[in-house]
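Here is a protein model to explore together. Take a moment to look it over before reading on.

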Amino acid sequence: MSNNKTERPALFEADMPSTLTRLDLKLGADWLASADVAIRDRFLNELDEGGLRALPFLFEFWALPHQLPPDGDWRSWVILGGRGAGKTRAGAEWVRSMVEGSRPLDPGQARRVALVGETYDQVRDVMIFGDSGILACSPPDRLPIWKAGERKLIWPNGAEAQVFSAFDPEGLRGPQFDAAWVDELAKWKKAQETWDMLQFALRLGEHPRVCVTTTPRNVGVLKRLLASPSTVQTHARTEANRANLAASFLEEVRARYAGTRLGRQELDGVLLADAEGSLWSSEALSEAQVQSVPGLDRIVVGLDPSVSGGAGADACGIVVVGAQLQGPPQDWRAFVLADCTVQGVGPSGWAKAAIAAMDTYGAERLVAEVNQGGQLVEEVLRQVDPLVSFKAVHASRGKVARAEPVAALYEQGRVRHVKGLAELEEQMCQMTARGFEGQGSPDRVDALVWALHELIIGPAAQYRRPRVRVL
């Protein structure tokens, strides 16, 4: 198509057929969306009655990019998306594309389809009868019939779809299929068993395939599926489908969950993986979140400085933590207030960011590791603020040894998080007893650890130290 957005693609010439083909449909939708009103009106006016009636059911014309299957020789297509991102519609339309032929009675690519959800009711109510289900997406002349007693959909061309529940993996033992649609795989209780039984059943035709629509969760079956070389995936945030969602819904979920790990999973559709044996878990960190912070006795900024700058350099961890210090040490509580980490800046850049974090949150001390930068760290900070309250700390033990007592504070419920710390929390879930298993260095975690050692662990150790009586 030409770069000129007002030029009509060849598909829409005046002599176009009354039933649109799939060729260049997505290209045509992009063109139509960017054209002015007069051109859109002309396009619609030139369609005959058959074209107008067919257009709403040509999903390739209207689909979002993540709702269309990738090219290539794949066996499993996984659609990862946030809530309301259009996953169900994509799955239903993919089933249509597999079973329907050019005309209502013509055979399609697939004749036997498995529809698998967590329960029979969910398959029926969401995948078949739902607002974005198969029946709602099907044109009148290709509308399948639902036979409740047999738990089957039957199309006019003879194709059949059979319903299965993930609570009954053995139900897939025996039947065979050339296509399957699996919905919300990551939330199934018997996910691996059901998935395994389905793989044995996908044995008809030349190229049996499965479409998986799911909100990502950190479960083994999904991670193994995504790692398979025969799997392709598409991905979308909830925002991608905002045209079909209530504005009040988006405003509410943004306000409540933006910047949280739950928001990254449920809204951004990101698979958040906890490393095996991690010191922190996603579930525990979600439970540690608070809506508000009480009065604090002391606030510090933890700094894990980066030696070099540039796009490829490690980030400079900057984390703000406050604490309530009344009563004995076992009653002290800490609140992680902000993650002000910066990347791609030199020493002057991270020094300014750290001092700015102190000013913003009223911190009385900045605690920085100086193993790599040495005296340079303090010098750079004092160039920005000569009077900064600064404490240099030296790492004499490994990262894991320093992090473990901090993780124990979390287990005791003595550390809470405000919203908006998703990247810090993701790093925390990659810290294990074997070391950090994420990419790069755990800069944010290091800064957090230094701050909590300064606020809670170090003073508590001094408090518990036995006093020596002098006779």
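This is a predicted model: local features need pLDDT of at least 70, side-chain atom pairs count only at pLDDT 80 or more; totals for chains, interfaces and linings use all residues.

Residues are numbered from 1 along each chain as its sequence is written, and side-chain values use heavy atoms, leaving out hydrogens and water.

Let's start inside. In soluble globular proteins, nonpolar side chains tend to be buried together. A nonpolar core here is a set of buried Ala, Val, Leu, Ile, Met, Phe, Trp, Tyr and Cys residues joined through side-chain atoms within 4.5 Å; buried means under 20% relative accessible area, exposed over 50%, and partly exposed in between (1.4 Å probe, protein chains only). The largest such core has 59 residues, and Trp 280, Leu 366, Leu 381 and Tyr 410 have the most contacts inside it. Helix α17 (residues 443-464) gives this core its largest share, 10 residues; helices (H or I, at least four residues) and strands (E, at least two) are DSSP runs, numbered from the N terminus. Another core, of 26 residues, lies apart from it and includes Trp 74 and Val 95.

Now turn to the loops. Arg 151 sits between β3 (145-147) and β4 (152-154), and Glu 184 sits between β6 (179-183) and α8 (191-201). Arg 151 has a positive phi of about 55 degrees although it is not a glycine, and Glu 184 also has a positive phi of about 55 degrees. Arg 151 is partly exposed, with a relative accessible area of 38%; Glu 184 is partly exposed, at 21%.
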